Amino acid sequence: MSWTFPLTGLATDHVPNNRVVAVMINNYPQARPQTGLYKADLVYEVLAEGDITRFLALYQSEEPEKVGPVRSARDYFIDLSNGFDALYICHGWSPEAQQMLQSGAADYFNGLFYDGTLFKRDASRKAPHNSYVSFENMKKEAEKKGYRLEGEIKPLPFFENEQMNGQSVHTIDIFYSKQSYAHVRYTYDGDKYIRYSGGVQTVDRETKTPIAVQNVFVVEMEHKVVDNEGRRDINLTSGGKAYLFQKGTMQQVEWKNVDGRILPYKDGIPLGFVPGKIWINVVPTLNEVHYE
């Protein structure tokens, strides 16, 4: 028999029932290159404070040996993680995220309480850009805590032979600010989208494996700064405009929140992802997204 992984749509020879693990990964320039990010099935890239994005990396089909640097929680990242009933991994939290997690919003591990044990510091980098977690240790601790590590996962929609009705696009530029470190680029190589950040290709720190994905979904969401620290409230629920990039084409689409998941629609009809990895870039406005 054969099965498919629920978050990539790719074939597997075993029942893919391990629980999704969601890790908050730092994208501050001093945190680059990251570790284990390339093995994520799906990554949400969203602004935290200022013009620095943070990654919510969802792991199900592959597990890195270690992942990081791990960074602090925000309430909207917890909501996105809960769309996949994931075990949530962070190091630190905002007041809103603390309230959510301590009130039972998700199973979680926070490096504030496991610093030096479950979470290890890398002496070659400065805090808070040097906290890493190993999947093996995380799973052992999950068993101790009684956290579930298996379960059925509702699959994302994948259309293997979907007709691409968009325009041909091979370069995508996303400007989270005018600063070069906040510039994201994807280039299509005829098979996958290769990611760059601040003009540097995004690769794994240890293996040099590049980030290469089959789907880039750029969604416009309302952002509001809500405190003196620059923290944001991001509207994950209203739906709105989006661009979907697949197989070298771009479609102007909409996004909808379906049971906590951000999914593409066109004229009210659900679209599918191409089997493979997915990167979802959340932006305050599509005006800062350029393509050619």
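**Figure 1. Contact of helix α1 with helix α2.** Asp75, Ile78 and Asp79 of α1 meet Glu96, Ala97, Met100 and Leu101 of α2, where contact means heavy atoms within 4.5 Å. By class, this contact of α1 with α2 has four nonpolar, no polar and three charged residues (nonpolar: Ala, Val, Leu, Ile, Met, Phe, Trp, Tyr, Cys and Pro; charged: Asp, Glu, Lys and Arg; polar: the others, Gly among them). The model is predicted, with local features needing pLDDT of at least 70 and side-chain atom pairs counting only at pLDDT 80 or more, while totals for chains, interfaces and linings use all residues. Residues are numbered from 1 along each chain as its sequence is written, and side-chain values use heavy atoms, with hydrogens and water left out. Helices are DSSP runs of H or I with at least four residues, strands are runs of E with at least two, and both are numbered from the N terminus.

**Figure 2. Axes of α1 and α2.** The axes of α1 (residues 75-82) and α2 (residues 95-102) come within 8 Å and cross at roughly 40 degrees. Axes are lines fitted to C-alpha atoms, for helices over the stretch in contact, and angles run from 0 to 180 degrees between N-to-C directions.

Figure 3. Helix α1 is largely enclosed by the rest of the structure, because six of its eight residues are buried. Those buried are Asp75, Tyr76, Phe77, Ile78, Leu80 and Ser81. Buried means under 20% relative accessible area, exposed over 50%, and partly exposed in between (1.4 Å probe, protein chains only). Serine 81 has 0% relative accessibility and therefore counts as buried. Apart from neighbours within four places in sequence, serine 81 is in contact with Ala22, Leu56, Ala86 and Tyr88.

**Figure 4. Lining of the largest pocket.** Gly83, Lys154, Pro155, Leu156, Pro157, Val258, Asp259, Arg261 and Leu263 line the largest pocket. Five of the lining residues are nonpolar, one is polar and three are charged.

**Figure 5. Valine 225 in strand β18.** Valine 225 lies in β18 (residues 223-225) and is exposed, with a relative accessible area of 58%. Not counting residues up to four places away in sequence, valine 225 touches Gly230, Arg231 and Arg232. Glycine 111 is 114 residues from valine 225 in sequence and 26 Å from it in space, C-alpha to C-alpha.

Definitions and conventions. On a 1 Å grid over the protein atoms alone, a cavity is a set of points where a 1.4 Å probe fits but cannot get out, and a pocket is an open set with protein on both sides within 12 Å along at least five of seven lines; lining residues have an atom within 4 Å of a point.
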